[in-house]
Amino acid sequence: MSQSDLDVLRQRVLAHLNFIYPGSNNELLGEQLLNAMQLTSRCEPPAPHENLWSEKDVLLITYGDSLLRKDKKPLETLKRFLHERLHDSISAVHILPFFPWSSDDGFAVINYAEVNDALGEWADVESIAGEFDLMSDLVINHCSSRSLWFENFKAGKDPGQDYFRLSSPDLDLSQVVRPRTSPLLKEVETINGTRYVWCTFSHDQVDLDFANPNVLLEFAGIVRKYLDHGVRIFRLDAVAFLWKELGTPCINLPQTHEMIRLLRLLIEHAAPGAIIITETNIPNLENLSYFGNANEAHSIYNFSLPPLLVNTLVTGNSHALRSWLMTMPPTQQGTCYLNFIASHDGIGLRPVEGLLSEYDVNQLVRTLEGFGAKVSWRTLATGQMRPYEINVALFDAMRGTQAGEDEFQVERFLCAHSIMLAMEGIPALYIHSFLGTENDYRRVELSQHNRAINRHQWDADLLEAQLDDETSHHARVLNSLKVLIALRRKQRAFHPNASQYSLQLGDEIVALWRQSIDRSQHIFAINNITNRPQQVSLASVNLPNATHWTDLIGGEVYTDRCATICLAPYQSIWLSNQ
């Protein structure tokens with residue numbers, strides 16, 4: 001790094017700090033941040049607007065202990081499974097919080113610097129990072145009430161005595177947007193008397209106060225540690241709630257966006273290939289704002305996709321999904337969507353505010369409850385309760401339609417993934433989607449948490465036996481998804497930034513036209529989203545001139561650009577000119 005590069009970096013860091021902390025001694029704070037990130041003597045300025053991904057990228061989401069084997073560390077068991085079963089299907093692995101924790105299956109972090117002993121150690125994390133790009137959570141909004149920081153807060157000691165957001169129950173906090181129904185403030189007895197700490201999510205998840213620059217410094221050191229242990233992708237958990245100002249909703253505030261810009265600046269200078277992904281489970285337009293001007297998140301979760309796609313398949317009507325697709329802006333070079341249908345959380349409903357009517361949302365909730373789903377709620381400022389997310393395993397969400405269960409569960413499930421894999425962006429698959437895992441009612445009963453329904457822990461040997469049995473739905477799902485992914489990874493038209501156009505072929509069809517960045521390859525992904533056969537005229541698709549079009553999935557070749565194709569229930573075709 002040249003002195004001029006370092007000077008420019010210092011100036012940019014200072015500009016961000018002056019916005020976040022006006023009137024403070026930000027020159028000193030800037031140097032402390034550069035020291036914490038080890039950027040005072042070495043850094044590599046990143047190339048602007050560079051795509052750090054390709055059509056070969058597929059992300060797996062998993063807990064460190066989703067697979068268990070007697071006398072083996074869970075991370076070691078996970079690594080073996082990934083290597084043996086998914087090495088050729090995925091490029092990156094998101095291991096959900098693998099740190100010591102007290103609740104929320106890892107998202108109440110006790111110690112950010114250690115690996116949970118029950119999972120393994122840093123060497124096991126580094127081993128996975130040696131074969132796949134590693135994505136880690138930066139649980140940045142809150143930490144565990146059992147952390148050393150919070151114990152020090154109660155004892156009036158450093159570090160931690162001034163790390164937490166405080167308020168008063170006498171203040172009007174009605175504007176604050178809540179994702180939960182629990183009280184916002186938690187009464188805590190400290191050496192300095194009774195205090196009321198801010199808890200956006202639960203009383204075991206105590207909100208940190210980034211108005212204190214020392215909290216930012218702590219996280220700069222944590223980021224540096226993660227980079228040193230092989231983390232390449234940072235998921236900023238619940239980051240929309242990071243900054244609080246009384247008299248505001250305390251979500252999506254300007255200081256939050258500026259903090260993300262600062263963190264990105266530091267991270268990409270420390271590791272130019274690193275990627276920041278923001279986890280912002282909020283309405284669609286608010287979610288899109290986290291791209292900034294291609295200077296905040298490299299990638300954002302496409303949170304509207306899961307509820308819209310599931311709704312499409314259980315109603316047999318694609319209108320809402322197609323309307324949303326037509327409004328989604330193409331991403332700039334250097335940014336991309338992260339597409340997913342299932343994750344460790346439920347199917348969020350806030351992201352379809354303004355996209356589905358209240359009636360449609362309630363119908364979706366009732367339909368999935370019929371397939372065994374649970375519902376988590378949030379409280380509005382008026383005190384009204386509203387569904388926040390539907391908790392269900394995706395495989396069970398695909399049991400049927402609004403008319404009830406039917407025989408097309410596997411086909412419907414695969415159709416959902418065919419659509420996602422064809423979309424603009426990077427696809428992310430939850431491990432339980434790969435495995436066709438069903439609702440885990442036992443974990444819900446034991447934990448008393450609805451989200452546990454989709455957080456099954458497999459006995460690894462039992463799972464292997466299921467996957468080796470070609471008649472099991474687990475083997476059918478895994479093998480079919482691997483075939484689709486292998487096809488996707490070979491197509492330049494499926495680059496995350498390749499052009500996408502939504503075609504209008506009727507409410508029974510979802511159709512996308514993808515065009516490679518160099519404009520040479522065209523793929524028309526056409527999907528029957530109903531449980532009835534559908535006729536599609538290629539004349540209505542309006543294929544560009546080519547001598548022939550090949551369905552990459554089924555292998556059929558079409559030379560007549562006016563032919564009519566009959567799609568079986570939930571059949572998908574990928575017509576390519578190459």
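Start at the second largest pocket, whose volume is about 370 Å³ (the space filled by probe spheres set on grid points joined across faces, edges and corners). A pocket here is an open set of points on a 1 Å grid over the protein atoms alone, where a 1.4 Å probe fits, with protein on both sides within 12 Å along at least five of seven lines; lining residues have an atom within 4 Å of a point. Select Pro46, Pro48, Arg264, Glu268 and Ala294, the closest to its centre of the 21 lining residues. Next, colour helix 7 (254–270) and helix 1 (3–20), which each give two or more residues to this lining (helices are DSSP runs of H or I, at least four residues, and strands are E runs of at least two, numbered from the N terminus). Helix 7 provides the largest share, five residues.

A word on the model: it is predicted, with local features needing pLDDT of at least 70 and side-chain atom pairs 80 or more, while totals for chains, interfaces and linings use all residues. Residues are numbered from 1 along each chain, and side-chain values use heavy atoms, without hydrogens and water.

Now move to the largest pocket, with a volume of about 630 Å³. Select Asp104, Arg180, His449, Asn450 and Arg451, the closest to its centre among 23 lining residues. Strand 15 (374–379), strand 16 (385–391) and helix 15 (441–447) each give two or more residues to that lining.

Finally, show helix 9 (305–315) and helix 13 (409–422). Leu305, Leu309 and Leu313 of helix 9 meet Arg412, Cys415, Ala416, Ile419 and Met420 of helix 13 (heavy atoms within 4.5 Å).
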